[in-house]
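Dear colleague,

Please find below the structure for your records.

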Amino acid sequence: MGNNNTLITTGVMNAAPIERSTSVLAGKLAEWFNPHVPFIVGAGFVLLSVVFVTLNRLHVMHVDQVGAAH
């Protein structure tokens, strides 16, 4: 499983058009504060995105309707 995880992570990092600064920031947060901080920050952003999508649900309701129309 470790090899699979490494290969998938490498493939995604190479395929993604974003900068690697996100992984650098996670490493720095762990170094500066605590190894748990990057996970807490990630969880915070997930919760923030859930709130954002919930508040804007009227703008994304068409996604389910288009899939059901086919």
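Val 60 counts as partly exposed because its relative accessibility is 41%, where partly exposed lies between buried (under 20% relative accessible area) and exposed (over 50%), with a 1.4 Å probe and protein chains only. Val 60 is found in helix 4. Together with Phe 52, Val 53 and Val 63, Val 60 makes a nonpolar surface patch of about 370 Å². Such a patch joins nonpolar side chains (Val, Leu, Ile, Met, Phe, Trp, Tyr) within 5 Å, from residues with over 30% relative accessible area and no salt bridge. Helix 3 (37–55) and helix 4 (57–69) are the elements that give two or more residues to the nonpolar patch.

This is a predicted model, in which local features need pLDDT of at least 70 and side-chain atom pairs pLDDT 80 or more, while totals for chains, interfaces and linings use all residues. Residues are numbered from 1 along each chain as its sequence is written, and side-chain values use heavy atoms, without hydrogens and water.

The protein chain has four helices and zero strands, these being DSSP runs (helices H or I, at least four residues; strands E, at least two) numbered from the N terminus. Of its 70 residues, 4% count as buried. Its accessible surface (Shrake-Rupley method, 1.4 Å probe) comes to about 6400 Å², and 70% of that belongs to carbon and sulfur atoms.

One salt bridge was found in the whole structure, defined as a side-chain nitrogen of Lys or Arg within 4 Å of a carboxyl oxygen of Asp or Glu. Glu 31 forms a salt bridge with Lys 28, with 3.9 Å between the closest N and O atoms. Because they are three residues apart in helix 2 (residues 21–32), about one helical turn separates Glu 31 and Lys 28. Glu 31 is exposed at 58% relative accessibility, whereas Lys 28 is partly exposed at 33%.

With kind regards

Notes:
Patch = residues over 30% accessible without salt bridge, like charges linked within 9 Å, V, L, I, M, F, W, Y side chains within 5 Å.
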